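The structure is shown first, and the explanation follows.

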Amino acid sequence: MKQSEKWKRGLPYVGNKGQKAEKIIDILPAGNRLVDVFGGGGSISLTASSSGKWNEVVYNDRRETVVNLLKALIEDNPHFDLTKYVYMDRETFYNWRDNMPDSIERTLVLTVWSFSNNLHDYLWGKKIEKEKLQLTRAIFWGDTETKLDGLYSYAKNETSIAGKYRMFHKWRLEKMNIRSRYDVLQQFQRIQQLQQLQRIQQLQQLQQLERLQQLEKLQHLEFLTLDYRSLKIGPEDVVYCDPPYIGTGKNYGGFDNESFQRWLANCPAKQIYISEYTQLPHTEVAFILGKKQSFQAKGKRPNELLLKYVK
Ligand SMILES: C[S@@+](CC[C@H](N)C(=O)[O-])C[C@H]1O[C@@H](n2cnc3c(N)ncnc32)[C@H](O)[C@@H]1O
C-alpha cells in the first residue's frame, strides 16, 4: 500500500482490517449502497468509499466517540493538534481512561496509546516504559541526557510528526553500524518504540485528506452510531458485518451472538457478508483471507474468513 493511501486504514483500532480491507472490497458485490454494520476504525467504509463501487456507504458503529473521532479527523473539525499526543506516560494514560468522561479526545488518547489498540491497557509494560519513552523525548525535546539527544537537533527543523519520524530513520541509518545480531535487534526495537508515532501519523493523514484532494471521494459516506438492530436495511443493500468475534464479546460490553444470528435470519438484504474466524450456521465461505496478524496467540493464529450468508 502506498504511503499516500494509508488513510484508508482509518483509525488504528482493535480488529482493524488493515491491508485485508482492499481484498474484502474487491470481493463484495457492487450495488447502490453498502452498509458497514460494525464499522470500528472505519477501514472498510473508507476503502469502500474511495473504490467508487457503491453510490452510498454507511459507516456504523455503536461506539459514538469512535465514529465521531473519525468524522472529526476527516472533516478536520474540531481540529486536533496531534503533536500534543506524541508523549504519554502510564499514569496520564490511566487518568484519561479512569477519570475522564468519554469524549473524542479521550478516544484518541486511548487508541494511540493502548496495547494492540484495545483502548484499555497501556502500550508498554511497567519495566520498559521509561526506556521506551526516551526515544520520543529525545526526538521532541532532547532532554534524556543520553546519546539519543543528538536526535533533537538533527530533527529540529521538521515540525510535522511524519517529518520527525523520517529524520529518525535517516539518523538511525547513518549511525547504524551493525556488527552483531544484538545491534540488529536493538535497531528493530528502536523502530518498535515509535509505534505510537506511526499511529498518530495515520491520524494526521486523515486530517490532510482535503489537501490530498481525496475528500470528494468521501462525499457519499454517511456516519451512524446505532445499535445494529436499529439500522434500516433494504433488500438491495449490500451488508458487511465485522462483529466482535465469538469469545471476544466481553471487550465490547457483551455481544449476544444468538441475537446476531436472529438478526441475520430476519435481515431483508439479499447480500450479507460476515468476517469471522469460524464458519457460522447458514453461511458459506466466500474467501479465506489468511492468518490474523498479531503479536499474541503465536502458533495458533486462526484463518480469517469472509462468509456469505445463505438464506
Ligand atoms: C471487530 S470490530 C470492527 C473492526 C472494523 N472492521 C475495522 O476494520 O476497524 C467490532 C465493532 O463492533 C462494534 N459493536 C459492538 N456491538 C455493537 C452493536 N450492538 N451495534 C453496533 N456496533 C457494535 C464495536 O464497537 C466494535 O467497534
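How are α1 and α2 oriented to each other? In this predicted model, the axes of helix α1 (residues 20-27) and α2 cross at roughly 55° and come within 9 Å. Angles of 65 to 115 degrees would count as roughly perpendicular and angles under 35 degrees as roughly parallel; α1 and α2 are therefore oblique to each other. The crossing of these two helices, α1 and α2, is right-handed.

The contact can be followed residue by residue. From α1, the residues A21, E22, I24 and I25 take part, and they meet S43, I44, T47, A48 and S51 of α2. Sorted by class, the contact of α1 with α2 holds 5 nonpolar, 3 polar and 1 charged residues.

Next comes the sheet. It is open and consists of 7 strands in the order β3-β2-β1-β4-β5-β7-β6, with mixed pairing. At its edges lie β3 (221-224) and β6 (283-291), each of which pairs on one side only. Direction ignored, neighbouring strands of this sheet are turned by 20° against each other on average.

Within that order, strand β1 (residues 31-36) pairs with strand β4 (residues 238-241) in the parallel sense, over 3 bridges. For D36, the bridge partner in β4 is Y240.

Helix α2 (residues 43-51) touches β1, β2 (54-60), β3 and β4, and its direction makes about 170° with that of β2.

Two packed helices are described by the angle between their axes and the distance between the axes. For helix α3 (residues 64-75) and helix α5 (residues 104-113), the axes come within 9 Å and cross at roughly 90°. The two helices α3 and α5 are therefore roughly perpendicular to each other.

Which residues in α3 and α5 meet? On the α3 side they are T65, V66, N68, L69 and A72, and on the α5 side I104, T107, L108 and T111. The residues of this contact of α3 with α5 divide into 5 nonpolar and 4 polar, with no charged. In the contact of α1 with α2, by contrast, 1 charged residue is present.

Key. Residues are numbered from 1 along each chain as its sequence is written. This is a predicted model: local features need pLDDT of at least 70, side-chain atom pairs count only at pLDDT 80 or more; totals for chains, interfaces and linings use all residues. Side-chain values use heavy atoms; hydrogens and water are left out. Axes are lines fitted to C-alpha atoms, for helices over the stretch in contact, and angles run from 0 to 180 degrees between N-to-C directions. Helices (H or I, at least four residues) and strands (E, at least two) are DSSP runs, numbered from the N terminus. Angles under 35 degrees count as roughly parallel, over 145 as roughly antiparallel, 65 to 115 as roughly perpendicular and the rest as oblique. Contact means heavy atoms within 4.5 Å. Ala, Val, Leu, Ile, Met, Phe, Trp, Tyr, Cys and Pro count as nonpolar, Asp, Glu, Lys and Arg as charged, and the others, Gly among them, as polar. Two strands pair if DSSP finds at least two bridges between them. A crossing is left-handed if the near helix is turned anticlockwise from the far one by less than a right angle, and right-handed if clockwise.
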